[in-house]
Amino acid sequence: MTTLPDRPNTALLVIDIQKGVMAGTPRRDEVIANIDTLIDAARAQDVPVIWVQHSDDDLERGSENWEYVEDLVRLGSEPLVHKTYFDSFEDTELESLLAERGVGRIVVTGAQTDACIRSTLHGAFVRGYDVTLVGDAHTTEDLSEYGAPAPEQVIAHTNLYWSWQSAPGRSAGTVDTAKVTFEAAEAG
């Protein structure tokens with residue numbers, strides 16, 4: 001149960017599914033299809049869908065690589081959070097958007113697993129949110145030439161360690177798309 005008072009709602013975060021970010025990522029099409037399935041389910045249940053879009057020197061705001069992939073379509077009523085740090089909460093309006101909607105639990109999807117996804121998971125958790133990672137709805141590029149593990153290992157490790165994350169008064173976990181629910185966790 002979230003430690004944030006009076007926040008019984010859940011939101012779906014779609015993080016950085018941008019053309020330049022997704023180019024060459026493993027399971028690209030599967031991840032995008034799973035996110036699209038989650039977006040449809042969230043919309044059908046009146047669950048807020050919040051889009052996050054990164055920009056930096058390599059992903060210049062307004063460039064083609066900066067744009068979201070065509071496979072996913074944001075509705076005009078769905079907020080778009082612009083960020084320049086890995087953590088989607090850092091120096092953005094994400095926290096106020098979630099507070100306005102009474103959100104105390106977030107379901108996280110997107111890219112890059114070892115940067116923006118991990119940073120946002122931890123950023124949300126330390127801020128008091130319950131945080132669910134969708135294990136088959138995030139991906140990352142291959143950074144093995146810089147000493148990182150292969151992308152599939154990064155994804156598997158993140159899914160594993162997030163499934164065991166815990167803290168007082170908050171819940172965390174990893175589930176696949178087919179098992180995602182947008183209902184708040186029961187107090188236990």
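Reader: How much space lies in the largest pocket?

Author: The model is a predicted one, and the largest pocket in it holds about 370 Å³ of space. Among the 17 residues that line this pocket, Val21, Asp56, Leu59, Gln112 and Glu141 are the closest to its centre.

Reader: What makes a residue part of the lining, and which elements give two or more residues to it?

Author: A lining residue must have an atom within 4 Å of a point of the pocket. The elements that give two or more residues are α1 (19-22) and α4. Helix α4 gives the most, with 3 residues.

Reader: What is the lining of the largest pocket by class?

Author: The lining has 7 nonpolar, 5 polar and 5 charged residues. Gly counts as polar in this scheme.

Reader: How do you know what span to expect of α4, and how far does the helix reach?

Author: The expected span is 1.5 Å times one less than the number of residues. Helix α4 has 14 residues, for which 20 Å is expected. From its first C-alpha to its last it reaches 18 Å, which is close to that value. The residues of α4 that are buried include Thr113, Cys116, Ile117, Thr120 and Phe125. After the helix comes Gly128, with a positive phi near 105°.

Reader: Why is strand β4 described as largely enclosed by the rest of the structure?

Author: A residue is buried if its relative accessible area is under 20%. In β4 (residues 103-111), 9 of the 9 residues are buried, and the strand is therefore largely enclosed by the rest of the structure.

Reader: What makes β1 and β4 a pair of strands?

Author: Pairing requires at least two bridges.

Reader: How many bridges join β4 to β5, and what is the hand of the crossover between them?

Author: Strands β4 and β5 (residues 130-139) are parallel and joined by 6 bridges, with Ile106 bridged to Val131. The chain passes from β4 through α4 (residues 113-126) to β5 in a right-handed β-α-β crossover.

Reader: Why is the unit of β5, α5 and β6 called right-handed?

Author: The term applies if, with the strands pointing away from the viewer, the path over the helix runs clockwise. The unit of β5, helix α5 (residues 151-163) and β6 is right-handed, so its path runs clockwise in that view. Strands β5 and β6 (residues 172-175) run parallel over 4 bridges, and Leu133 has Thr174 as its bridge partner.

Technical notes
Residues numbered from 1 in each chain as written. Predicted model: local features only at pLDDT ≥ 70, side-chain atom pairs only at ≥ 80, totals over all residues. Heavy atoms only, no water. Buried < 20%, exposed > 50% of the residue type's maximum accessible area, 1.4 Å probe, protein only. 1 Å grid on protein atoms, 1.4 Å probe; cavity = no way out; pocket = protein on both sides within 12 Å on 5 of 7 lines; lining within 4 Å. Points joined across faces, edges and corners; volume = space filled by probe spheres on them.
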